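Please open your viewer, show the chain as a cartoon, and keep the selection tool at hand. The tour below goes stop by stop, telling you what to select and what you will find there.

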Amino acid sequence: MAPKKAKKKIEGGSNVFSMFEQTQIQEFKEAFTIMDQNRDGFIDKADLRDTFAALGRLNVKNEELEDMVKEAPGPINFTVFLTMFGEKLKGTDPEETILNAFKIFDPEGKGHIKADYIKEMLMTQADRFSQEEINQMFAAFPPDVSGNLDYKNLCYVITHGEEKD
């Protein structure tokens with residue numbers, strides 16, 4: 001019996017490919033191809049297990065793999081894979097919302113915040129960051145020579161996935 005075609009669940013009936021820029025679609029296609037270990041055009045539990053093994057995680061529980069596969073409405077071909085990412089990314093705050101959060105710490109509107117200050121805020125307020133999370137953030141977005149974090153660029157990367165040229 002042939003696999004059922006997955007139903008698209010994008011609001012407004014729009015094509016899933018219109019949700020992303022061409023470069024993003026190409027990056028998703030590359031990721032899909034890497035994960036589709038047996039090259040059959042679908043990602044299944046065996047592909048996920050092999051992908052985890054390639055990343056050094058060998059003892060993945062069967063239930064964990066089943067839960068991942070169950071997130072899809074049917075067999076995971078590239079269109080379903082892209083749709084699932086679209087649905088996950090739809091929950092990401094818009095760039096303006098994230099920028100406005102940072103602007104609270106930048107009353108003069110300079111576009112940057114002292115790295116030491118943002119570190120202190122992230123480690124002592126609300127959902128506190130660990131030292132490891134701070135290290136990861138500064139590794140990905142190092143402060144400039146003056147010790148400032150360019151939060152406008154950070155917001156762009158969070159929402160678009162790549163730095164501006």
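**The whole protein**

Before selecting anything, keep in mind that this is a predicted model. Colour the chain by secondary structure, and look for 8 helices and 2 strands, which run from the N terminus in the order α-α-α-α-α-β-α-α-β-α. Of the 165 residues, 27% count as buried. If you take contacts between residues at least 6 apart in sequence, 54% of them join residues at least 24 apart.

**First pair: α1 and α4**

Select residues 22–35 for helix α1 and residues 78–89 for helix α4, and turn the view until you can follow both axes, which come within 10 Å and cross at roughly 120 degrees. An angle of that size makes α1 oblique to α4. Now show side chains, and you will find the contact made by Ile25, Phe28, Lys29, Ala31, Phe32 and Met35 of α1 together with Phe78, Phe81, Leu82, Phe85 and Leu89 of α4. The crossing of α1 past α4 is right-handed.

**A residue in the loop: Arg39**

Move on to Arg39, which sits in the loop between α1 and α2. As background, most residues other than glycine have a negative phi. Arg39 counts as exposed because its relative accessible area is 54%, and the cut-off for exposed is over 50%.

Select residues 45–54 for helix α2 and residues 62–70 for helix α3, which pack with their axes 9 Å apart and at an angle of about 120 degrees. This angle makes α2 oblique to α3. The contact is made by Lys45, Leu48, Arg49 and Phe52 on the α2 side, and by Asn62, Leu65, Glu66, Met68 and Val69 on the α3 side. As α2 passes α3, the crossing is right-handed.

While α2 is still selected, pick out Thr51, which is found in this helix. Is Thr51 buried or exposed? Thr51 counts as buried because its relative accessibility is 13%, and buried means under 20%. Leaving out residues up to four places away in sequence, Thr51 touches Ile34, Met35 and Gln37.

Select residues 95–103 for α5 and residues 151–160 for helix α8. Their axes come within 9 Å and cross at roughly 150 degrees, and the two helices are therefore roughly antiparallel to each other. This crossing, too, is to be read as right-handed. From α5, Glu95, Ile98, Leu99, Phe102 and Lys103 meet Tyr151, Lys152, Leu154, Cys155, Tyr156, Ile158, Thr159 and His160 of α8.

Stay with α8, and colour Tyr151, Asn153, Leu154, Cys155, Tyr156 and Val157, which are buried. What covers the buried residues of α8? The cover includes α5, β1 (112–114) and β2 (148–150). At the start of α8, zoom in on Asp150, where a side-chain oxygen reaches to within 3.2 Å of the backbone nitrogen of Lys152.

**Lys110, and across to Lys152**

From Lys152, draw a distance to Lys110: their C-alpha atoms are separated by 9.8 Å, although the two residues are 42 apart along the chain. Lys110 lies in the loop between α5 and β1, and counts as exposed because its relative accessibility is 52%. Show its side chain, and you will find a polar contact of 3.1 Å between Lys110 and the side chain of Glu108.

**Last stop: Gln131**

Finally, select residues 131–140, which form helix α7, and find Gln131 in it. Gln131 counts as partly exposed because its relative accessibility is 35%. Leaving aside neighbours within four places in sequence, Gln131 is in contact with Lys119 and Met123. Between Gln131 and Lys119, which are 12 residues apart in sequence, the C-alpha to C-alpha distance is 9.0 Å.

How values were computed
Residues are numbered from 1 along each chain as its sequence is written. This is a predicted model: local features need pLDDT of at least 70, side-chain atom pairs count only at pLDDT 80 or more; totals for chains, interfaces and linings use all residues. Side-chain values use heavy atoms; hydrogens and water are left out. Buried means under 20% relative accessible area, exposed over 50%, partly exposed in between (1.4 Å probe, protein chains only). Helices (H or I, at least four residues) and strands (E, at least two) are DSSP runs, numbered from the N terminus. Contact means heavy atoms within 4.5 Å. A polar contact is a pair of N or O atoms within 3.5 Å; within protein, one must be able to donate a hydrogen and the other to accept it, and residues adjacent in sequence count only if both atoms are side-chain atoms. Axes are lines fitted to C-alpha atoms, for helices over the stretch in contact, and angles run from 0 to 180 degrees between N-to-C directions. Angles under 35 degrees count as roughly parallel, over 145 as roughly antiparallel, 65 to 115 as roughly perpendicular and the rest as oblique. A crossing is left-handed if the near helix is turned anticlockwise from the far one by less than a right angle, and right-handed if clockwise.
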